Amino acid sequence: MDKFLPTEDGEPPLARAKNWHFTLLLREGTGNYQGHPLETTTMPGWAGSSWYFLRYMDPHNVGRFASPEAINYWKQIDLYVGGSEHATGHLLYFRFWTKFLHDRGWIPFDEPAKKLVNQGMIQGVSSKFYAQHIFNSKEVGKAVELRFTEGEPFRAIPIPKATKSVFLSADVRQSNMAPVYHAGPAAPRNMPIEWAENGILKDRAAFAKRYAEDAEAVFVCKGGFWYKDAFTPFETSASTSREFTLISEVEKMSKSKFNVVNPDDIISKYGADTLRLYEMFLGPLEQSKPWDTNGIEGTFRFLRKFWNLFHQGGENGKGGENGEKAGAAIAQGGSDAPVASTHGVDLPTVSDEAPTKAELKVLHATLKKVSEDIEKMSFNTSVAQFMIAVNELGSLRCDKRTVLEPLVIALAPFAPHIAEELWEKLGHNTSVTVAQWPQWSAEHLVEDSFNYPISFNGKTRLQLEFPIALSKEEVEAAVLADPEVQARLEGKAPKKVIVVPKRIVNIVV
């Protein structure tokens, strides 16, 4: 073990190695090669970042990285959130250095964090096609024959002398068409997503212009092939397709795969709040999720509906043009969005009236769900609950301040820009981030009535609400006394009435 300890004069352990040189071949001015000694004072690249969190505990201590008093006060990190790549990079050294310092007696714990959460990776949808590289220089400029394993005739494609690659569309590849000679094996190649639209290469010329080595490429489709702007159909093919189709594949979002979605583009179109909410709404934090830009419209509409809850009266009415424009502007641009203040659309039309029982139930159900989900880091279900609440409050035409203000506070961690905007316009001169978190009350969640589906011979025809305290006999009597039920019975006595408490009522006639 002595060889792993510092030397007597304080040099690192590698300095003990004898006759150990790293022959680095560097050409000198004389043209000779010279070996250079191994650097013995290096440390892993992640070493410094692996235990700097301890320095935050006592940053001005000149005697050691942190005093025992500071370490015993702060102790471990409560929560560490990192991606899967951290497991083999930072996290590995993060734990190693903590255990090393613990074994040396400098800290009282051997794990750096009390809780670890590895968030899933946002995946991208890649667009792929197959490339066949021409490799026989003697035959370049002749025809490359293509064949189908399905027994169709050979098809010849004349390859220009400048052509280096033949590109096969997805439908060609799937039909087992392949070159007979003059080309290497087909290999998948990623297409930048900006050149793909609905699974089709939308602009061959622009693609070739961007990649100079592909300027002379031949694009083979099911019904023929493209060379520059000219299309030559296959006379023997039943297909007339001229589209160069692509293969879609969900994989890691990466620059090398050309499937990266630029957040700046999403923010410029929908706003930062929409992007934040949609990323959380994609799925559980720990799971990898494929990015689908088509689904972001729903999140954007939710923010508009939320904004419109505060602008339902007067000229800002829910269906009013100004209110809609303001809701879209705020959802899209946050506090910097242009708002037509001359029409009053930036002023909420909330009421100070007492909320109804139904409105309080929606509020407290949402506060309960969101408060519990945040502790579990279940953000996708929180966003889903906000959407449900907005739809229900919209149906109730709720504009009560005592209901809407707590919702603004609860939404702030998820959509901080629109929450801050609304909080200020509600008359507050401090940030929503310092507002007290609203508490939910179980008394508003107690069910004291149930909306019974009323069926006739097993087919639901209407719904009636009754207190849940009623007995089966009382529910039956109340149902039969209802005017609409009486009209459907046409004066006839039912053969049987089946009452399942808090489930259904079925009338057999």
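Predicted model: local features only at pLDDT ≥ 70, side-chain atom pairs only at ≥ 80, totals over all residues.
## Overall architecture

The protein contains 16 helices and 21 strands. Its chain totals cover 509 residues, of which 39% count as buried. The accessible surface amounts to about 29,000 Å², and carbon and sulfur atoms account for 53% of that area.

Contacts across the sequence were also counted. Where the residues in contact in the protein lie at least 6 apart in sequence, 62% of the contacts join residues at least 24 apart.

## Helices H11 and H13

Helix H11 spans residues 357–375 and helix H13 spans residues 401–411; their axes come within 10 Å and cross at roughly 15°. Because angles under 35 degrees count as roughly parallel, H11 is roughly parallel to H13. The crossing of H11 past H13 is left-handed.

On the H11 side, the contact is formed by Glu359, Leu363, Thr366, Leu367 and Val370, which meet Thr402, Val403, Pro406, Leu407 and Ala410 of H13. By class, this contact of H11 with H13 comprises seven nonpolar, two polar and one charged residues.

## Helices H8 and H12

A second pair consists of helix H8, residues 272–281, and helix H12, residues 379–395. The axes of H8 and H12 lie 7 Å apart, and the helices pack at an angle of about 115°.

From H8, the residues Leu277, Met280 and Phe281 meet Phe379, Asn380, Val383, Ala384 and Met387 of H12. The contact of H8 with H12 has seven nonpolar residues, one polar residue and no charged residues.

Definitions and conventions:
Residues numbered from 1 in each chain as written. Heavy atoms only, no water. Helix = DSSP H or I, 4+ residues; strand = E, 2+ residues; numbered from the N terminus. Buried < 20%, exposed > 50% of the residue type's maximum accessible area, 1.4 Å probe, protein only. Contact = heavy atoms within 4.5 Å. Areas by Shrake-Rupley, 256 points an atom, 1.4 Å probe, with all protein chains shown as cover. Axes fitted to C-alpha atoms, helices over the stretch in contact; angles between N-to-C directions. Parallel < 35°, antiparallel > 145°, perpendicular 65-115°, else oblique. Left-handed = near helix turned anticlockwise from the far one by under 90°. Nonpolar A, V, L, I, M, F, W, Y, C, P; charged D, E, K, R; others polar.
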